[in-house]
Structures are given as structure tokens and as C-alpha cells.
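Some notes for the file follow. Please read them against the structure shown here.

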Amino acid sequence: MLNDTWTQSLSQILGWAYFVLWSLSFYPQLLHNHRRRSTEGFSVDFALLNLLGLTAYTVFNACFLFSPVVRTQYAQRYPQSPEPTVQWNDFIYALHGSLICCWIGSHFPCARFWNFKSKPQRVGVSTLVAIWGCVGVVSLAVLWALVSASWEWIDVVRERTPTDEITTLLTEIYHMEVYVVGMIKVFLTAVKYTPQVVMNYWRQSTAGFSIGAILLDLAGAALSLMQLVLDSSLQADWSGTVGNGAKLLLGNITVLFDLIFIFQHFGLYRERPVGKKPGLSEHDPLLDR
């Protein structure tokens, strides 16, 4: 009993620790843009996809915390560990991140308002395809549930009235939508980093992109995964990691891309000014003699 209490306390500490680190990770880029009065070197695609992904993650966590329907469905699917591993810090982090990303996103269309001097960036075609694709997936999920949800009623033995059938149909749609929204966040996380990685590659520099945000992001992801593993071990059932697959995948994808950014910043493009040829230092002359 004492060991379980200690483990629960440790889980809470890990949860709020990664909440603080991930929450703080939004500010270095925000302050970096304002200090430079520019968004040059920071991808508009990254900012837009990050905002959409965090909004989806906010909805996902809110449903698991506040919806009796979703919590009941989760308990039925994972009877060995009926309590979702979604925590309050997950929801607060996502909501806070969405608001800060709205602020950062406004740097692009409202550059004059912020007195920025950066050149306007166009949203990439692949980003628009990803966004509309996510909207299409949610729409198709609803249609699929409307058309074929009846196959999930076979396991219920009691005879239903028409009212029961309507209620069950809406419940299944709602439950499926929650997981679809969570997977959208995972998909957007996997996609959102790519434009920034590509921009750094083409510019042969990470100037304009805050590495401080990445270091905080990496530390938060590691603690998030540790909390998820600890919560599942506390329940003596590893299905909790699968039941909260969004959090599991988010942590691993984030770690992977953060390591790529760190390698770019400290390895490939270390102290390399924009536009200079590889192999030259800041002390070399601009023109050959």
C-alpha cells in the first residue's frame, strides 16, 4: 500500500514536471520572434500544424476527463485497468499550448501589427493537404459509424428498443471520434516537424529557430513517457499504454524529431550563418582574394 502511494506521488511529480517543461517550450520561439522582430527561419507550416495538432489534443484529453460516455466506453474496452491514463496536466498543457500557438501563428498574417519585418511565407501545398485530409478523416469516421455501427451491437444480448439503438449509435460515434481526434494529433505531430527540418536543410542553418524550445520539448517528452509507463505498471496492466496510444506515440515521435533538430543545430549547421558556404567560419573573408 505504501509502495503504491509512493508510485502515485511519483507519477504526479513526473506529470507536472513534463507539463511545466512542455509549457515552457512554447515561449523560447515566441520570445525569439519578438526579439528579432521577424519570423525568418521559422516555418509557417510548422506553426500551423502545431496549432491544429494541439487543438485536437485538447479535445482528445477533454473527452477522456469530462465525458462519462467516453470514460465508460474506455472501462468496457480495458476492464483490467478501467481508469484512463489521461491526466489533468495533459489537458492543461494542451489547452495552454493551443493558446500560445495562436499567438505565435499570428506573427505570420499579422506581421504589421507586431511590427515584424520578415518576408511573408506561403503555406505549403502539403500542409493544406494534411489539414484537409484530417478534416476528411473525421468526416469519413462519422459516415462509417453511421453506416456500419450495427455490427458492434451483436455482443449485447438484451433486446433493444429504437431509443436504445439511437443512443448506442451516438455513443459509438462519439467514442470513435475521440480516438480519431487523438490519432489526428499523432499524425500532425509526425508531419509538423518535417517542414522545419526541410527549411533548416535548404538554408543550411537553424538561425531563427529556437533550439531552447527543442531542449525543453525533449525533456518533457522523456518525462511524459516515464509517467505513462509508471501509470501502467501501477495498474499492473500494460494495456494502459495502448489505451492512451496518442500519448505513447506523441512522446516517441517528439523524441525522434527533437534529436534531429539537436543534430542539425549542434552538428550539421553549427555556427553557420545563413547564405555562407559549408566549411567557412565567421572569420573567413566573404570574397576570395
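1. Gln 204 sits in the loop that joins helix H7 (162-203) to helix H8 (211-234). Helices here are DSSP runs of H or I with at least four residues, strands are E runs of at least two, and both are numbered from the N terminus. Gln 204 is not a glycine, yet its phi is positive, near 55 degrees. With a relative accessible area of 23%, Gln 204 is partly exposed, since buried means under 20%, exposed over 50% and partly exposed in between (1.4 Å probe, protein chains only).

2. Asn 115 is located in the loop between helix H5 (88-105) and H6.

3. On provenance: this is a predicted model, in which local features need pLDDT of at least 70 and side-chain atom pairs count only at pLDDT 80 or more, while totals for chains, interfaces and linings use all residues. Residues are numbered from 1 along each chain as its sequence is written, and side-chain values use heavy atoms, with hydrogens and water left out.

4. The protein contains ten helices and zero strands. Read from the N terminus, its elements run α-α-α-α-α-α-α-α-α-α. Of its 289 residues, 49% count as buried. Among contacts (heavy atoms within 4.5 Å) with a separation of 6 or more, 83% are between residues 24 or more positions apart. The accessible surface is about 15800 Å², and carbon and sulfur atoms account for 68% of that. Areas come from the Shrake-Rupley method with a 1.4 Å probe, and for residues only the protein chains shown count as cover.

5. How do H3 and H4 cross? The axes of helix H3 (residues 44-66) and helix H4 (residues 68-77) come within 6 Å and cross at roughly 80 degrees. H3 is therefore roughly perpendicular to H4. On the H3 side the contact is made by Cys 63, Phe 64, Leu 65 and Phe 66, and on the H4 side by Pro 68, Val 70, Arg 71 and Tyr 74. The axes are lines fitted to C-alpha atoms, for helices over the stretch in contact, with angles from 0 to 180 degrees between N-to-C directions. Angles under 35 degrees count as roughly parallel, over 145 as roughly antiparallel, 65 to 115 as roughly perpendicular and the rest as oblique.

6. Two further residues of H3 are worth a look. Ala 56, in helix H3, is buried at a relative accessible area of 11%. Ala 56 and Ile 184 are 128 residues apart in sequence, but their C-alpha atoms are 6.9 Å apart. Leu 48 also lies in helix H3 and is partly exposed, at 30% relative accessibility. Leaving aside residues up to four places away in sequence, Leu 48 touches Val 123, Thr 127 and Ile 131. From Leu 48 to Ile 131 the C-alpha distance is 9.3 Å, across 83 residues of sequence.

7. Helix H6 (residues 125-148) supplies the largest share, three residues. Leu 128 is in helix H6 and is partly exposed, with a relative accessible area of 39%.
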